[in-house]
Amino acid sequence: MRNTAIVWFRNDLRLHDNEALTEAYQKGDFVLPVYVFDTRVLQGKTRFGFDKIGKFRTNFLIQAVADLKSNLQSIGSDLIIRVGHPETEVLELAKTVRSSWVYCNRERTQEELSVQDELEHSLWSVGQELRYARGKMLYHTADLPFPISQVPDTFSAFRKEVENFVNLREPLPTPNALKWPDIEIDRGVVPTLDHFKKNKIGNDHIENKMFIGGESAGIKHLDQYLFTKKLAKNYKETRDGLLGWDFSTKLSAWLAIGCLSPKYIMSQLHKFESDVAKNQSTYWIYFELLWRDYFRLMGKKYGNRIFQQAGIRKLPLGDTNVDWNIFKAWADGNTGIPFIDANMRQLNKTGFMSN
């Protein structure tokens, strides 16, 4: 259908401050949102034999997609859900509806690059275009005072060039309505943990109760942290705690798959500073988001080197042999060192560990 834009959601599972979604509804007469659960990630193994994604993150992702679908339905749209390979499923959808464009958030590391490159080439073959958007970072790369290849390799140098000199953009507004095309198409259903052969999660720990995936839960959590409990006033003093819920922001899970935008977090933090308090603790939340931008830029600059043992500096490797008995003792929380064991057991039971 002419002037139909497909929005392929990836790690941007939200309606607010979503550049791909904004450009799609500005450009197209109709918008078809789609999410594909990639079975290579959700059911795959690493080369060491571990699950690529555990049950906690899988559950959080399923909840986030269900919430995205509900939020889209509330503005007259919906979310098409598929399980398989995104480069295949999105292409088939594009051919079926004869869309004009596919919009998505650009990824920068190898597995994600391979998927988006294959989809892009396949779309070219049927006369369609893959259009990339941004949205994971606090700052737009176009606003930075250096190209990606010249990003400083130390955080302190990066911070000096950015925090007092680069303006922060306002988050993009949430669309009030999206036009759904008049077509018959299988919209799919949200899968369950059972579908991916993941064990169920108990609610015997606070993290299991409070980490609920989705834009709605993320916005609610941020609002409670800032304005209901006013915890940002003491963040710098409490952030390195170990037990409980309120000692740190706990925003990382929602940020990781894009349920919350960092620019939206900053807009709410500025409101908190205006209405409640502005101090070292509120600055430190910005400081942590700036660290997050720096790490993402290192990924853009160095690609797969950020995952390799030699690192971005290509340091010579020492002994690379692994004692798997020692590794298992560490992973299971059985080293005999109480501090380490307690943290590893928390990670195994909840999917979360304090920084």
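Visitor: What makes the radius of gyration of the protein agree with a compact globule?

Guide: This is a predicted model. For 355 residues, a compact globule would have a radius near 20 Å, and the protein has 21 Å, so the two agree. The C-alpha atoms fill a box of roughly 60 × 50 × 45 Å along the principal axes.

Visitor: How many helices and strands does the protein have?

Guide: There are 14 helices and 5 strands.

Visitor: What share of the residues is called buried, and by which cut-off?

Guide: Buried means under 20% relative accessible area. Of the 355 residues, 47% are buried. The accessible surface comes to about 18300 Å², and carbon and sulfur atoms hold 51% of that.

Visitor: Why is a set of residues called a nonpolar core?

Guide: Its members are buried residues of listed types, Phe and Leu among them, joined through side-chain atoms within 4.5 Å, so they count as one core. The largest such core has 73 residues, and Phe9, Leu13, Phe37 and Phe158 have the most contacts inside it. Helix 12 (residues 280-302) gives the largest share, 10 residues. A second, separate core has 20 residues, including Ile80, Val90, Leu123 and Leu130.

Visitor: Which residues does leucine 13 contact, leaving aside neighbours within four places in sequence?

Guide: Contact means heavy atoms within 4.5 Å. Among the partners of leucine 13 are Tyr35, Leu61, Leu68, Glu215, Ile257 and Cys259.

Visitor: What share of contacts between residues at least 6 apart joins residues at least 24 apart?

Guide: The share is 77%.

Visitor: How far apart are the mean positions of the positive and negative charges?

Guide: They lie 2 Å apart, for 48 positive and 43 negative charges.

Technical notes
Residues numbered from 1 in each chain as written. Predicted model: local features only at pLDDT ≥ 70, side-chain atom pairs only at ≥ 80, totals over all residues. Heavy atoms only, no water. Helix = DSSP H or I, 4+ residues; strand = E, 2+ residues; numbered from the N terminus. Rg over C-alpha atoms; globule rule 2.2 N^0.38 Å. Buried < 20%, exposed > 50% of the residue type's maximum accessible area, 1.4 Å probe, protein only. Areas by Shrake-Rupley, 256 points an atom, 1.4 Å probe, with all protein chains shown as cover. Lys, Arg positive; Asp, Glu negative; His and termini not counted. Charge placed at Lys NZ, Arg CZ, Asp CG, Glu CD.
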